[in-house]
Amino acid sequence: GGPSNSSINGAHSDGQSGKGGGRRNTRGEEEDEEEGGEEEEIQVLAAIGQIDPKSNVDVDSSVIMQYKGVTGRFGSSLIRSSPFELTVMGEHGVIRIAAPANCPDTASLTSFQDSSKTTFMPFPCCVQPLEAENTISQPLPEYPQEFYPQQYPRGTGFVYIIEAVEECLQSEEGCLELPDVPQDMALKVQKAVDEVRARLHAKV
């Protein structure tokens, strides 16, 4: 796509909830909403950044969000460099998605001893005993050179999204959303992105 007017971006999706207290998934099955009839929203705990005074665009931002007890820290910038890696830390280990995280070809899983069962102080501080470490590599799809993007290196990583949409459109059962990105989640993400923009006083 073309250049964005914001360093924080989200995809807009129009969706409808299924009647009768639930919504239907891609298989036509009705799913129940969370207890109480309301689904949990993504909470924006903090958002700071820098606004370009001429364009009023958020050119740099740091955000902390929380969803279902999981906290995430994100950064986005048009004025500073970043390794563009993704790290997921949990009780049992760490998942690292190699750069660029939006179209990687390598990921690693490091498993540690369960921290909840440790009866001694880790040494050096905060390092749990290593149990296993695995690396997964998969080359990006290869296509004729004329289809490769000229201004976006490794853009072939978006092929996975394109293939998922094609499969959705060609489904005999009908498909109104992608199984991996339901409409309600896309709307939650966009709502959180809009809140971040509002906090940064960016007029997008």
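Student: How many bridges join β6 to strand β7, and what makes them count as a pair?

Tutor: Please keep in mind that this is a predicted model. Strand β7, residues 93-97, is joined to β6 by four bridges, and the two run antiparallel. Two strands pair if there are at least two bridges between them, so the four found here meet the condition. One of the bridges links Met89 with Val94 in β7.

Student: Which strands belong to the sheet that holds β6, and which of them are its edge strands?

Tutor: The open sheet consists of four strands in the order β6-β7-β8-β9, with antiparallel pairing. Its edge strands are β6 (86-89) and β9, since each pairs on one side only.

Student: Why are β3 and β5 said to stand at the edges?

Tutor: They belong to an open sheet of three strands, ordered β3-β4-β5 and paired in the antiparallel sense. Both β3 (43-51) and β5 (70-77) have a single partner strand, so one side of each has no neighbour in the sheet. Helix α2, residues 183-199, packs on this sheet and touches β3 and β4, while its direction makes about 45 degrees with that of β3.

Student: Why is Tyr152 called partly exposed?

Tutor: The relative accessible area of Tyr152 is 40%. Buried would mean under 20% and exposed over 50%, so a value of 40% lies in between and the residue is called partly exposed. Tyr152 is found in the loop between β9 (130-137) and α1 (159-169).

Student: Which residues form the nonpolar patch that includes Tyr152?

Tutor: The patch on the surface is formed by Tyr152, Phe158, Ile161, Val165 and Leu169, which together have about 470 Å² of accessible area. A patch residue needs over 30% relative accessible area, so Tyr152 with its 40% passes that cut-off.

Technical notes: Residues are numbered from 1 along each chain as its sequence is written. This is a predicted model: local features need pLDDT of at least 70, side-chain atom pairs count only at pLDDT 80 or more; totals for chains, interfaces and linings use all residues. Side-chain values use heavy atoms; hydrogens and water are left out. Contact means heavy atoms within 4.5 Å. Axes are lines fitted to C-alpha atoms, for helices over the stretch in contact, and angles run from 0 to 180 degrees between N-to-C directions. Patches are made of residues with over 30% relative accessible area and no salt bridge: like charges are joined within 9 Å, nonpolar side chains (Val, Leu, Ile, Met, Phe, Trp, Tyr) within 5 Å. Accessible areas come from the Shrake-Rupley method with a 1.4 Å probe; for residues, only the protein chains shown count as cover. A salt bridge is a side-chain nitrogen of Lys or Arg within 4 Å of a carboxyl oxygen of Asp or Glu. Buried means under 20% relative accessible area, exposed over 50%, partly exposed in between (1.4 Å probe, protein chains only).
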